[in-house]
Amino acid sequence: MDMKMCMVMQNGFQFATGEDRCIVFLFKGWNVDNHTKYAFMIIGTFCMALLNGGLAFIRHFLVNKSQTNSSPLTYQAYLALVYGVQIVLAYWMMLLVMTYETGVFLALVFGLTIGYFIFTLLESKTRLATVNSTYQNQFNNTPCCQTTS
């Protein structure tokens with residue numbers, strides 16, 4: 001059985017795609033030592049960065065929903081759980097950057113950027129729909145301005 005010694009950090013930013021290269025992906029035993037594993041590492045890293053944007057969106061959604069929540073303790077527990085998962089994910093992403101692997105770094109940057117774009121757009125559409133429904137309800141529910149269809 002051939003046991004390779006995999007590196008946790010490289011000497012400066014470089015691609016670890018050669019067959020003679022091996023890096024550890026977050027946990028001992030998660031060795032990236034061939035092109036297939038490298039591709040899955042890049043895809044997983046990108047998805048991890050997208051998930052970070054999704055968790056931020058969920059936290060903002062929960063904060064906005066807090067006004068209608070009847071159980072503040074349950075609400076606060078959900079908010080703390082989502083925050084905890086987001087922090088663990090953020091530390092893992094920091095550790096991945098510290099491997100100095102160029103593909104991982106680029107996947108994180110693109111994933112965080114695209115996640116921010118998608119979930120900010122989704123949040124602005126949600127906020128706009130709420131503002132519009134509030135605006136319409138303000139005028140449709142007054143006795144003097146009701147319209148009949």
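The legends below describe close-up views of a predicted model of one protein chain.

**View 1. Overall layout of the protein chain.** The protein chain holds three helices and two strands, and from the N terminus on these elements follow the order β-β-α-α-α. Of its 149 residues, 24% count as buried, and the accessible surface of the chain amounts to about 10,700 Å², with 67% of that area belonging to carbon and sulfur atoms. When contacts between residues at least 6 apart in sequence are considered, 57% of them join residues that are at least 24 apart.

**View 2. The spans annotated as transmembrane region.** In the UniProt record, which is an unreviewed entry, the annotation "transmembrane region" covers residues 38-58, 78-98 and 104-122. In the model, the span 78-98 is 95% helix and 0% strand, and its end C-alpha atoms are 31 Å apart. The span 104-122 is 100% helix and 0% strand, with 26 Å between its end C-alpha atoms.

**View 3. The largest nonpolar core.** This core has 17 residues, and the members that touch the most other members are Val32, Met41, Leu96 and Leu108. Helix H1 (35-65), helix H2 and helix H3 (102-140) each contribute at least two residues to the core.

View 4. Leaving aside residues up to four places away in sequence, Met48 touches Leu26, Leu89, Trp92, Met93 and Leu96. One of these contacts, Leu89, lies 41 residues from Met48 along the chain, and the C-alpha atoms of the two residues are separated by 7.3 Å.

**View 5. Gln86 and its contacts.** Gln86 has its place in helix H2, and with a relative accessibility of 11% this residue counts as buried. Apart from residues up to four places away in sequence, the contacts of Gln86 are Asn52, Leu55, Ala56 and Arg59.

**View 6. A nonpolar patch on the surface.** Phe27, Trp30, Tyr83, Ile87, Val88, Tyr91, Trp92, Met94, Leu95 and Met98 together form a nonpolar surface patch with about 940 Å² of accessible area. Although Leu95 and Leu26 are 69 residues apart along the chain, their C-alpha atoms are separated by 7.2 Å.

**View 7. Backbone of Tyr100 between two helices.** Tyr100 has its place in the loop between H2 and H3, and with 31% relative accessibility this residue counts as partly exposed. Most residues other than glycine have a negative phi.

Conventions
Residues numbered from 1 in each chain as written. Predicted model: local features only at pLDDT ≥ 70, side-chain atom pairs only at ≥ 80, totals over all residues. Heavy atoms only, no water. Patch = residues over 30% accessible without salt bridge, like charges linked within 9 Å, V, L, I, M, F, W, Y side chains within 5 Å. Areas by Shrake-Rupley, 256 points an atom, 1.4 Å probe, with all protein chains shown as cover. Salt bridge = Lys/Arg side-chain N within 4 Å of Asp/Glu carboxyl O. UniProt positions renumbered as here; feature names shortened; annotations may be inferred. Helix = DSSP H or I, 4+ residues; strand = E, 2+ residues; numbered from the N terminus. Core = buried A, V, L, I, M, F, W, Y, C linked by side-chain atoms within 4.5 Å. Buried < 20%, exposed > 50% of the residue type's maximum accessible area, 1.4 Å probe, protein only. Contact = heavy atoms within 4.5 Å.
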